[in-house]
Amino acid sequence: MAIVIDNFLDMEACALLLKEFPLLEEGVTRKLPTVHVPLELEKRMQEVLKNPLTGSKGDGQAGQQIEPLSITDHDPRVPFVARIATGSVPMHRDCFNPFDAAETCFINGYVAVLYLAGTGSFVIDAGCGEQAIDILPGRFIAWPNGVCNHRLDAPSESEVRAMLGPVAIDADGFMQRAHDVWSTHPGYIGYCQNQAKEAEERGDERGVRQALGNIGIPAVAGQLLKEYEERHKSKVCLTLSLTSSADGFVLIGSGISGERLVSMEIAEPANVTYGAVSTALRQEFSKVSGGAVPTFVLPDATLLGEAYDDVSMQELFNLPAGTGAAGSQLST
């Protein structure tokens with residue numbers, strides 16, 4: 001089903017091309033840069049796409065071996081579309097124009113990608129069973145997009161994959177970028193917006209940026225992120241600290257300059273969860289802040305979200321077992 005060709009580029013060439021790729025900022029899962037590649041490399045990829053039946057039908061673990069292409073400083077260069085990404089990608093098909101996604105205008109011919117870095121499994125399904133192809137630097141993969149879906153199974157959400165493509169030959173015979181329908185479809189954009197909204201409601205800024213960064217249309221993602229930042233120009237982040245007192249402990253919420261903005265007494269830290277504490281602190285803070293909803297961090301800048309709701313204050317601040325006075329009352 002798929003065409004798999006190993007050593008399309010030698011390892012030194014892969015390393016040189018990787019220097020042109022941008023970095024992924026925190027919370028961003030993909031970028032679509034344009035890099036400059038040797039003209040001979042563009043011709044080699046275009047030849048396989050225009051004559052796919054002459055390629056090797058790989059079994060997913062071993063492709064056709066060809067003479068690896070090397071790069072020199074004197075090679076003529078041409079612009080070429082590329083992608084850098086992290087995380088897994090669900091089953092989908094590709095299209096030429098991301099705005100065609102609403103009409104599901106799938107590319108009928110072969111789509112190809114040349115991996116320069118990263119690991120994972122490229123999975124193709126034409127309805128008669130899945131074909132899994134290992135991702136390797138220098139490995140070229142092409143598949144008949146019109147008759148099969150494909151996905152990417154990543155070993156982790158943080159490892160970066162860098163590639164040339166995906167590309168395909170358009171109706172005029174030119175090689176063009178292929179876009180993921182799933183990341184640009186209005187339904188998926190709405191899903192990302194809902195994820196961002198939920199993350200915003202729980203004070204998870206990283207979650208907001210990651211959800212919006214998954215939208216495949218940069219202009220849409222950028223506008224939504226700008227709107228989010230406008231809403232949070234005056235966002236308040238309180239640093240929590242715990243100090244001992246005559247009756248147990250006092251939890252203090254401090255502002256960015258170290259000023260004490262809110263506090264509460266905790267008699268028995270082992271019997272009080274962060275979830276209960278954060279609810280009480282927000283109620284108290286709203287009384288003095290005009291209704292602003294704060295986020296909380298530990299002194300080491302750990303952002304405290306819903307994942308910490310069931311964690312006791314003793315665990316949160318690494319207090320010795322048995323610390324505190326009798327009782328479990330909160331007092332603000």
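The model is predicted. The chain has 332 residues, of which 45% count as buried, and it holds eight helices and 21 strands. Among contacts with a separation of 6 or more, 73% are between residues 24 or more positions apart.

- Arg139 sits in the loop that runs between β10 (130–134) and β11 (140–144).
- Arg139 counts as buried because its relative accessible area is 1%, under the 20% limit for that class.
- Arg139 pairs with Asp6 in a salt bridge, with 2.5 Å between the closest N and O atoms.
- Asp6 belongs to strand β1 (residues 3–6) and Arg139 to the β10–β11 loop, so this pair ties together parts that are 133 residues apart in sequence.
- Both members of the pair, Arg139 and Asp6, are buried.
- The side chain of Arg139 also has a polar atom 3.0 Å from the backbone oxygen of Asp134.
- Val113 is 26 residues from Arg139 along the chain, and the C-alpha atoms of the two are 8.4 Å apart.

**Arg177, buried without a salt bridge**

- Arg177 is part of strand β14 (residues 175–177).
- Arg177 is buried but makes no salt bridge. The nearest side chain of opposite charge is that of Asp180, 9.2 Å away. A salt bridge needs a nitrogen-to-oxygen distance within 4 Å, so Asp180 at 9.2 Å does not qualify as a partner.
- Backbone oxygens lie within reach of the Arg177 side chain: that of Leu32 at 3.3 Å and that of Pro33 at 3.1 Å.
- Leaving aside residues up to four places away in sequence, Arg177 touches Leu32, Pro33, Thr34, Val81, Ala82, Cys95, Phe96, Pro166 and Val167.

**Other salt bridges**

- Side chains of opposite charge can pair when their charged atoms come close.
- The whole structure contains eight salt bridges.
- Arg151 forms a salt bridge with Glu130, at 2.8 Å from N to O. Arg151 is in strand β12 and Glu130 in strand β10, so the bridge ties together parts that are 21 residues apart in sequence.
- Arg151 also forms a salt bridge with Asp153, at 2.9 Å from N to O.
- Arg30, Arg83 and Asp180 are joined in a network of salt bridges.

**Cavity and pocket**

- The search finds one cavity of 30 Å³ or more.
- The space in the largest cavity is about 150 Å³.
- Its lining consists of 17 residues, with Arg83, Tyr115, Phe122, Leu152 and Asp180 nearest the centre of the cavity. Two or more lining residues come from each of β5 (77–86), β6 (89–92), β8 (110–117), β12 (149–153) and β13 (160–169).
- Arg83 and Asp180, named in that lining, are also members of the salt-bridge network with Arg30.
- The largest pocket has a volume of about 400 Å³.
- The pocket is lined by 20 residues; Thr29, Thr86, Gly87, Glu157 and Gln210 lie nearest its centre.
- At least two residues of the pocket lining come from each of β5, β6, β13 and α5 (205–213).

**Backbone geometry**

- Most residues other than glycine have a negative phi, and most peptide bonds are trans.
- Gly165 and Pro166 are joined by a cis peptide bond, with omega about 0 degrees.
- Pro166 lies in strand β13 and is one of the residues that Arg177 touches.
- Asn7 is not a glycine, yet has a positive phi near 55 degrees.
- Asn7 is in the loop between β1 and α1 (11–18), and it counts as partly exposed because its relative accessibility is 29%.
- Asn318, also not a glycine, has a positive phi of about 55 degrees.
- Asn318 lies in the loop between α8 (313–316) and β21 (330–331), and with a relative accessibility of 68% it counts as exposed.

Conventions: Residues numbered from 1 in each chain as written. Predicted model: local features only at pLDDT ≥ 70, side-chain atom pairs only at ≥ 80, totals over all residues. Heavy atoms only, no water. Helix = DSSP H or I, 4+ residues; strand = E, 2+ residues; numbered from the N terminus. Buried < 20%, exposed > 50% of the residue type's maximum accessible area, 1.4 Å probe, protein only. Lys, Arg positive; Asp, Glu negative; His and termini not counted. Polar contact = N/O pair within 3.5 Å; in protein donor to acceptor, adjacent residues only side chain to side chain. Contact = heavy atoms within 4.5 Å. 1 Å grid on protein atoms, 1.4 Å probe; cavity = no way out; pocket = protein on both sides within 12 Å on 5 of 7 lines; lining within 4 Å. Points joined across faces, edges and corners; volume = space filled by probe spheres on them.
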